[in-house]
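My entries follow in the order I made them.

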Amino acid sequence: MKKILLLTLFLIQTSGFAQVYWMTMTQALAAQKKEPKKILIDFYADWCAPCKEMDKFTFNHPEIAKIINENFYAVKFESDGNETVSFAGHTFINPDYKGKRSKSGLHQFSKYMNINMIPTMVFLDEKTDPITSLSGALKAKEVEPYFSMIASNEYKTIKTRKEWEGYQKKFKSKIKE
């Protein structure tokens, strides 16, 4: 009886909540060598309120988490953190890192990826070439068409603003608000 009660409580707590399987850049690059997949990098900072909002409401939305987990290696990268990253033949560090208790300078990898604000998401293809980036605190319904377009490779056929607008008109959201 106790096991059934615990299982019921667990199911109630997890229903309607989804979790993205986040990894480090190093882990994503290693996984990509074994099974090529696109990479989604979430550039964030611990002190960033919009970043926390996106974690809670955008990335943990069941539809968005599903798209991410099925189609991307998802990377959380602290834009002013202290992680060492080897990417594209370079090693990136943060020589201006001051610890968790105070704001540090922007990480070299963040600069390399042209991160000018956070939150910013960067999408890389299966060969780690850049696809696009999205900046700002975006809601699940706002990112869904982008995530779906990139996951399905439709971004390769959209070359003009008119084609993008056509894609958006035809897009059927799975998110009910």
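I began with M121, whose bridge partner in β7 is L134. This is a predicted model, where local features need pLDDT of at least 70 and side-chain atom pairs count only at pLDDT 80 or more, while totals for chains, interfaces and linings use all residues. Residues are numbered from 1 along each chain as its sequence is written, and side-chain values use heavy atoms, with hydrogens and water left out.

I then took the two strands together. β6 (residues 120-124) and β7 (residues 130-135) pair in the antiparallel sense over five bridges. Strands here are DSSP runs of E, at least two residues; helices are runs of H or I, at least four residues; both are numbered from the N terminus. Pairing takes at least two DSSP bridges between the strands. Five residues separate β6 and β7 in this hairpin. In the turn, T128 has a positive phi of about 65°.

**Largest nonpolar core.** I found M121 again here. The core has 26 residues, and M121 is among those that touch the most other members, along with L40, F59, I68, F72, F123 and F147. A nonpolar core is a set of buried Ala, Val, Leu, Ile, Met, Phe, Trp, Tyr and Cys residues joined through side-chain atoms within 4.5 Å. Buried means under 20% relative accessible area, exposed over 50%, and partly exposed in between (1.4 Å probe, protein chains only).

Which elements give two or more residues to this core? They are α3 (49-59), α4 (62-71), β3 (72-78), β6, α6 (140-151) and α7 (161-170). α6 gives the most, six residues. Another core, of 23 residues, lies apart and includes M25, A31, F43 and C48.

**Helix α2.** I followed M25 and A31 into α2 (residues 25-34). M25, A28, L29, A31 and Q32 are buried there. These buried residues line one face of the helix, because they fall within an arc of 165° seen down the axis of α2. The arc is that of the directions from the helix axis to the C-beta atoms. K33 and K34 are exposed on the face turned away from the buried side.

**S104.** I ended in the loop between β5 (90-92) and α5 (108-112), where S104 lies. Is S104 buried or exposed? S104 is buried, with a relative accessible area of 13%. A polar atom of the S104 side chain lies 2.7 Å from the backbone nitrogen of K98. Beyond neighbours within four places in sequence, S104 is in contact (heavy atoms within 4.5 Å) with D80, N94, D96, Y97, K98 and G99.

How values were computed. A polar contact is a pair of N or O atoms within 3.5 Å; within protein, one must be able to donate a hydrogen and the other to accept it, and residues adjacent in sequence count only if both atoms are side-chain atoms.
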